[in-house]
Each structure stands twice: as C-alpha cells, then as structure tokens.
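Biologist: I'm new to this one, could you show me the structure and walk me through the fold?

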Amino acid sequence: EVYTSGIPTTDQLQQAASDIALTLGAQNLRRAIKLHSQSLEERKDKLRAFLAAWNALEILVQKIFPFYRDQLAIDLRSVSNAPGLHDYLDRVADVMSGKHRLSDMFEVISVYLDDEHEQNDLKQFRKLKRIRNDILHGEDIDEAQLPTSEVQQLFDKYLRNHMRHET
C-alpha cells in the first residue's frame, strides 16, 4: 500500500497525470493493468489478490520482454563490429527463441527498468515466484502472510518505468 503525507508538489501532480495518460494509452497491457487493479480491490480474499497481482506482473514481463531483449541485442552489437560477436548473438537468438524462462525475461527488463541497478528486484522477483510456485504445486501457505503488496509494487515500478522509457 502507498501512503503519502502532505500535499503533492506541482511536479508530482504533473508526473502522476503523465503516468495516468501513458497507462491509459497502453492497449497491449490492458489485461495486466486490469488484473493489477483487481488485486488492489481484493481485501478479503488474500489468495485471489496475490494471484491477480502475480498474474499482472507475469503478463507485464512477457509483454514487454521482446522490446528489451531486442534492445539488449542492439546494445551488445554496438560493443564491437566483430563478425564473431554478431554471429554468436544471432545464434543465441535462434536457439533461445520462445525458450526464455520468466526469471530470464525479468532479468533482461531489469537491466533497463530498475532505477537502482541493484540485485534487490531480482532477488525479490525470484522469492515471489517461489511463493507462486508453492501455491500452484499445492504447498500449504499462510494466506494472511502472502506478500501481495510486494508484487504490486514491482508491477507499479516496472509498468511506470516501461511507460516512461517508451516515450
């Protein structure tokens, strides 16, 4: 949950208005945004809220990954004009086509969208994914302790940074 104290500054209000406009224009991310919104509304059913938040994050990662995968390849190609590097990157792209794990995808997008450039988001993502896997594999979990807000915060951060990165 997000709390603020005090009156927002003009800059903060302008940034919020800009973020809202960008988000409303993101047609390809509608389902992810809708699931995220549903996760915020689920107060009584903690499990449903967590799963909605996780699904929103997973859809976001899968939708934006191709853009950042391609950007990473462009950046790596710019390091050197050596044909061996370009051939290698082409081969990796062919071999990995459609085979990236969700964690791999998140690692790539975090290169561009993690403001702090620390390992915290990667560690947090992996931890949250383990919890999601435990749920789907029938493990006993304490629904009251599900870290739904952590998933929501990751979603917020990466959606906002992606939308700003695109403009």
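**Fold, core and a loop residue**

Modeller: Bear in mind that this is a predicted model. Read along the sequence, the protein chain follows the pattern α-α-α-α-α-α-α, with seven helices and zero strands.

Biologist: How much of the chain is buried, then?

Modeller: Of its 167 residues, 32% count as buried. Among the contacts with a separation of 6 or more, 77% are between residues 24 or more positions apart.

Biologist: Which residues touch the most other members of the largest nonpolar core?

Modeller: That core has 32 residues, and those touching the most other members are W54, L57, V61, F106, I109 and F125. Two or more residues each come from helix 2 (30-41), helix 3 (46-77), helix 5 (102-113), helix 6 (120-136) and helix 7 (148-166), and helix 3 gives the most, with 10 residues.

Biologist: What does L57 touch?

Modeller: Not counting residues up to four places away in sequence, L57 touches F125, V151, L154 and F155.

Biologist: Switching topic, where does D114 lie?

Modeller: D114 lies in the loop between helix 5 and helix 6.

Biologist: Is D114 buried or exposed, and why?

Modeller: D114 counts as buried because its relative accessible area is 3%, and the cut-off for buried is under 20%.

Biologist: Which residues is D114 in contact with?

Modeller: Leaving aside neighbours within four places in sequence, D114 is in contact with D121, K157 and Y158. With K157 there is also a polar contact of 2.8 Å, joining the two side chains.

Conventions:
Residues are numbered from 1 along each chain as its sequence is written. This is a predicted model: local features need pLDDT of at least 70, side-chain atom pairs count only at pLDDT 80 or more; totals for chains, interfaces and linings use all residues. Side-chain values use heavy atoms; hydrogens and water are left out. A nonpolar core is a set of buried Ala, Val, Leu, Ile, Met, Phe, Trp, Tyr and Cys residues joined through side-chain atoms within 4.5 Å. Buried means under 20% relative accessible area, exposed over 50%, partly exposed in between (1.4 Å probe, protein chains only). Helices (H or I, at least four residues) and strands (E, at least two) are DSSP runs, numbered from the N terminus. Contact means heavy atoms within 4.5 Å. A polar contact is a pair of N or O atoms within 3.5 Å; within protein, one must be able to donate a hydrogen and the other to accept it, and residues adjacent in sequence count only if both atoms are side-chain atoms.
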